[in-house]
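Q: I am new to this structure. Please show me how to read its features one at a time.

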Amino acid sequence: MDLETVRPRLPALTSLRFLAAFHVVIFHFQAMQVFLGPPWFQKLSSIGYVGVSFFFVLSGFILVYTYAGRPMILKDFWRARFARIYPAYAFSLLVTAPFFFFAVLTMNIPFFAWAKAHLKFVSVLVVSLLQAWVPPAALSWNAVAWSLSVEAFFYLLFPFLLLFFVRRSPVQLFLIAAASWLTSLALSISYVLLNPDHLSVVNFDVLGAFWLNALKFHPLARLPEFLLGMACGCLFLRSRRESKLALPLVVSGMAAFVVVVYFSAVIPYPILHTALLAPAFAAIVYALALRPNWGAILENRFFVLCGDASYSLYLLHSMIVGMYFHNMTGQLRYQTPLGVLIFVILAVTISALAYRFIEEPARRKLNPRRKPQLGRAETQPPPQPVPA
């Protein structure tokens with residue numbers, strides 16, 4: 001394992017977080033029927049939920065890059081992770097609470113039926129980052145926050161998983177990565193073949209299917225994506241930094257992504273939703289971690305700032321979409337390219353302000369002894385979409 005004392009920051013990966021988060025945002029354009037756009041845009045936005053898989057892979061990679069081969073005090077690690085994710089998470093719960101509780105207490109909306117029947121239980125689960133462990137509760141309150149519940153589980157396990165991963169040979173790491181991907185595919189394919197929820201149609205509009213929700217949201221079902229990212233991170237630290245590998249890795253990863261987007265209509269939804277593209281995402285992350293010269297555009301300060309703000313964008317965008325594209329009577333508005341552009345500027349600005357005045361100050365307050373991590377590229381997902 002590479003024990004060098006200085007590992008360069010990876011700003012391109014921070015910028016890449018914004019692109020993945022924005023993919024989730026445009027998924028909600030379609031899921032919430034506020035902007036459909038041309039056919040190519042509809043195809044791209046229809047699978048925006050795969051952005052969460054990207055974040056799980058990236059999280060595993062960056063945590064290994066940041067912490068492998070260095071002393072780790074458990075309480076300090078977990079405090080740093082809590083300081084990283086919970087302030088913005090709590091803020092998102094605060095600002096979405098009026099909408100959630102008003103809908104649950106005064107309206108009969110199928111999406112909120114389970115939360116309405118178990119409101120106290122759901123509230124405790126969400127506040128304590130446990131909602132993903134109970135599939136019917138996963139999308140409660142701030143629906144996209146389910147992935148933070150999953151990430152919290154990953155953070156709990158990471159110090160112990162790292163002890164195992166750093167002792168593995170490169171061949172073993174490749175096998176772990178492959179086994180992780182195949183495990184995710186096996187779970188998804190098993191669901192398609194067995195159809196335990198007895199559904200005639202399976203897509204992101206299906207809300208109350210217990211086993212489908214378990215496949216999509218349960219931390220154990222999503223753990224293989226994180227493990228694949230960890231294996232990729234360990235391989236990166238064990239390998240020579242051959243920047244010439246970056247281009248073929250990015251091209252292969254992007255080619256796989258484009259093929260999946262093109263054929264998305266014929267790929268079963270459970271397979272498409274969970275981990276199908278994880279190896280492609282790992283290839284892209286690995287390539288940009290090599291910091292090729294052509295990747296310098298993603299190290300631009302503006303893109304890095306957008307990447308820093310992407311966590312708040314992920315947590316807040318569903319509420320912003322609803323408020324911006326609907327008037328007081330619930331009618332749609334601003335459904336033009338210009339209206340969408342104004343929305344993007346507004347959403348990014350709000351997210352950047354939340355990052356500057358909520359995330360960062362709260363993190364410094366909660367983790368005052370935090371030392372800058374060389375090689376840090378923020379690891380959180382934006383989490384995932386409401387009906388996904």
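**Reading contacts, burial, helix packing and ring pairs**

A: Leaving aside neighbours within four places in sequence, V25 is in contact with L313, H317 and F343, where contact means heavy atoms within 4.5 Å. This is a predicted model, in which local features need pLDDT of at least 70 and side-chain atom pairs count only at pLDDT 80 or more, while totals for chains, interfaces and linings use all residues. Residues are numbered from 1 along each chain as its sequence is written, and side-chain values use heavy atoms, with hydrogens and water left out.

Q: Where does V25 sit, and is V25 buried or exposed?

A: Buried means under 20% relative accessible area, exposed over 50%, and partly exposed in between (1.4 Å probe, protein chains only). V25 lies in helix 1; helices (H or I, at least four residues) are DSSP runs, numbered from the N terminus. With 2% relative accessibility, V25 counts as buried. The C-alpha atoms of V25 and S318 are separated by 7.7 Å, although the two residues are 293 residues apart along the chain.

Q: Which loop holds V266, and how far is V266 from V144 in space?

A: V266 is in the loop between helix 11 (246-262) and helix 12 (269-273). Its relative accessibility is 66%, so V266 counts as exposed. V266 and V144 are 26 Å apart in space, C-alpha to C-alpha, and 122 residues apart in sequence.

Q: What does H218 touch?

A: H218 is placed in the loop between helix 9 (210-217) and helix 10. Not counting residues up to four places away in sequence, H218 touches A132, W133 and N213. H218 is buried, at a relative accessible area of 17%.

Q: How do I read two packed helices?

A: Two packed helices are described by the angle between their axes and the distance between the axes. Axes are lines fitted to C-alpha atoms, for helices over the stretch in contact, and angles run from 0 to 180 degrees between N-to-C directions. Here, helix 1 (residues 11-31) and helix 13 (residues 278-289) pack at about 140°, with their axes 8 Å apart. A12, L13 and L16 of helix 1 and I284, V285, L288 and A289 of helix 13 make the contact.

Q: At what angle do helix 7 and helix 10 cross?

A: The axes of helix 7 (residues 146-165) and helix 10 (residues 219-238) cross at roughly 45° and come within 10 Å. Helix 7 and helix 10 are therefore oblique to each other; angles under 35 degrees count as roughly parallel, over 145 as roughly antiparallel, 65 to 115 as roughly perpendicular and the rest as oblique. Residues of helix 7 in this contact include W146, F153 and F165, and those of helix 10 include P219, R222 and C234.

Q: How do I read a pair of aromatic rings?

A: A pair of aromatic rings is described by the distance of the centres and the angle of the planes. Rings of Phe, Tyr and Trp (its six-membered ring) pair if their centres lie within 6.5 Å; planes under 30 degrees apart count as stacked, over 60 as edge-to-face and the rest as tilted. The structure holds 41 aromatic pairs. One of them, F111 with F112, is edge-to-face, at 5.1 Å centre to centre and 85° between the planes. F111 counts as partly exposed, at 24% relative accessibility, whereas F112 is buried, at 17% relative accessible area.

Q: Why is the pair of Y324 and F343 tilted?

A: The planes of Y324 and F343 stand at 50°, with the ring centres 5.6 Å apart, so the pair is tilted. Y324 in helix 14 (residues 301-325) and F343 in helix 15 (residues 337-366) are 19 residues apart. Both Y324 and F343 are buried.

Note on methods: Helices (H or I, at least four residues) and strands (E, at least two) are DSSP runs, numbered from the N terminus.
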